[in-house]
Amino acid sequence: MDQENSRPLATQIDHLVVDAGDRMGEAERAYRAFGFHLTERGFHTLGSVNHLAVFQGLYLELLGMGAGSRRADIATFPEGLNGFVFAAGDVDQLYRDLLARGVAAKEPVFFSRPVTLADGIRDAKFDVVRLEPEASPFGRFYFCHHQTPELVWTPEAQVHPNGVVAISRVRVSVIDPVRLLEFFGHTLGDTLRVETGENRSSFRVGDVVVDLYSAPDPSLSSIWAEAKGRSAYMATLTFRTQSLTQTARVLRENGVAGVIFGSESILIPATNAFNVGLEFVEA
C-alpha cells in the first residue's frame, strides 16, 4: 500500500444499525425492556424512523420504515444488524478519496430529523457517503458526519438503566474474510492491525473490536444471528456495563424471556433481539 492509500479515511465507528422494518414499535419495546434508554422516535426527511441508544463516542440505532415509506436502500435487508457506519469529517473530500482508492461510493447526501428540546424544536443534521451495494462486503457501509452532534450526544441520552456504557465488540459471520479485510484496509489504512486465531480474524476500529468468524463462535452459538439470505452479516454485539448485577436486575424486573445469565456475561439470543445476539460483559 503506497503512502497516500495508507492514510486512514476513518478511524472510529459512528454507529451501528439494527433494521426493524415495519416492526419498529416492537423493537422499541424490546430494547427498552433490555434496559436501554432510547431517544424519542425520530422522523428522517428520507422517510425512515429511528430510536437511538447513545453511548460515549458511538450509538446503536434502531431503524424502521415510516408510515407509507419504503426507503429503497434499506427495504431489501432482513431484520438484523445491517448498518456499519464510520465517523466522517469532510464528506466531499472523503468521497473523492474513496473514488481515488477504487471504492465505489455514492455522492454525499444530506438529511435531517427534528429533535424536540425544552426550548423548542431543532433539526439534527447529517451528511453521509454511502457505498454502492456491490462495494459493500456485507450489509450497508457508509460514513456519517454530524453537523449537530450536541443534539445526539446529550448527557441524559447516555445514561442507561442496564448500566451499559459502551459497545466493545461486533462479531461478523463471513465465509471468506479476504474481501472484507481488503475493504477495511482501504478505509483504515495503516491503522489496520489483524490478529488471527482458529476460524477468526480480529482487528480494532477505535475502541471496538471487530471479529470475523468463518464459523459461529461455539461459546455464542446459542445467540448467533440467522443469515436470512445474507452471505456475510453481523451476528452479535457486545456491550460493556458498569455492573452485570445491575443489568441482570433490570432484565429480570422487565421479564425479558430467554436470557442466559452467567457469572462473566449475560446473553440475549438473536431470536429475542431482532436477529442480533446481545452479550453484556462488565467494564
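Between which two strands is the loop that holds Ser265?

## Ser265

In this predicted model, Ser265 sits in the loop between strand E14 (260–261) and strand E15 (266–268). Ser265 has a relative accessible area of 18%, and because the cut-off for buried is under 20%, Ser265 counts as buried. Not counting residues up to four places away in sequence, Ser265 touches Leu244, Ile260, Glu279, Phe280 and Val281.

## Domains and their interface

The domain assignment divides the chain into domain 1 (3–157) and domain 2 (158–282). The C-alpha centres of domain 1 and domain 2 are 19 Å apart. In terms of contacts, 52 residues of domain 1 meet 45 residues of domain 2. About 3900 Å² is buried between domain 1 and domain 2, and carbon and sulfur atoms give 69% of this area. Of the area that domain 1 buries against domain 2, Phe34, Leu81 and Phe138 supply 18%, more than any other three residues.

The polar side of the interface consists of 16 residue pairs in polar contact, both residues being at pLDDT 80 or more. The count of salt bridges between domain 1 and domain 2 is zero. On the side of domain 1 that touches domain 2, the elements giving two or more residues are helix H1 (3–6), strand E1 (13–21), helix H2 (24–33), strand E3 (48–54), strand E5 (80–87) and strand E8 (140–146).

In soluble globular proteins, nonpolar side chains tend to be buried together. Here the largest nonpolar core has 68 residues, and Tyr31, Leu60, Phe84 and Phe184 have the most contacts inside it. This core draws at least three residues from each of domain 1 (3–157) and domain 2 (158–282). Apart from this core lies another, of 18 residues, with Val17, Val54, Tyr59 and Ala157 among them.

Which residues does Tyr31 contact, leaving aside its neighbours within four places in sequence? With those neighbours left out, Tyr31 is in contact with Val18, Phe36, Leu38, Leu60, Leu62, Ala273, Val276 and Leu278.

An α-helix has 3.6 residues a turn, so residues three or four places apart point the same way. Just after H2, Gly35 has a positive phi of about 100°.

In helix H5 (residues 178–188), the buried residues include Leu180, Leu181, Phe183, Phe184, Gly185, Thr187 and Leu188. The packing partners of the buried H5 residues are E5, E8, strand E9 (164–174), strand E11 (200–205) and strand E12 (208–213). Gly189 follows H5 and has a positive phi, near 60°.

## Asn162

Asn162 is placed in the loop between E8 and E9. Is Asn162 buried or exposed? Asn162 is buried, with a relative accessible area of 0%.

The side chain of Asn162 reaches the backbone oxygen of Phe34 at 3.1 Å. Because a polar contact takes a pair of N or O atoms within 3.5 Å, the distance of 3.1 Å from the Asn162 side chain to that oxygen falls inside the cut-off. Leaving aside neighbours within four places in sequence, Asn162 is in contact with Phe34, Gly35, Phe36, Thr241, Ser243, Gln246, Thr247, Val250 and Phe280.

Technical notes: Residues numbered from 1 in each chain as written. Predicted model: local features only at pLDDT ≥ 70, side-chain atom pairs only at ≥ 80, totals over all residues. Heavy atoms only, no water. Core = buried A, V, L, I, M, F, W, Y, C linked by side-chain atoms within 4.5 Å. Buried < 20%, exposed > 50% of the residue type's maximum accessible area, 1.4 Å probe, protein only. Domains from an automatic or database assignment. Contact = heavy atoms within 4.5 Å. Buried area = accessible area lost by both parts, 1.4 Å probe. Salt bridge = Lys/Arg side-chain N within 4 Å of Asp/Glu carboxyl O. Polar contact = N/O pair within 3.5 Å; in protein donor to acceptor, adjacent residues only side chain to side chain. Helix = DSSP H or I, 4+ residues; strand = E, 2+ residues; numbered from the N terminus.
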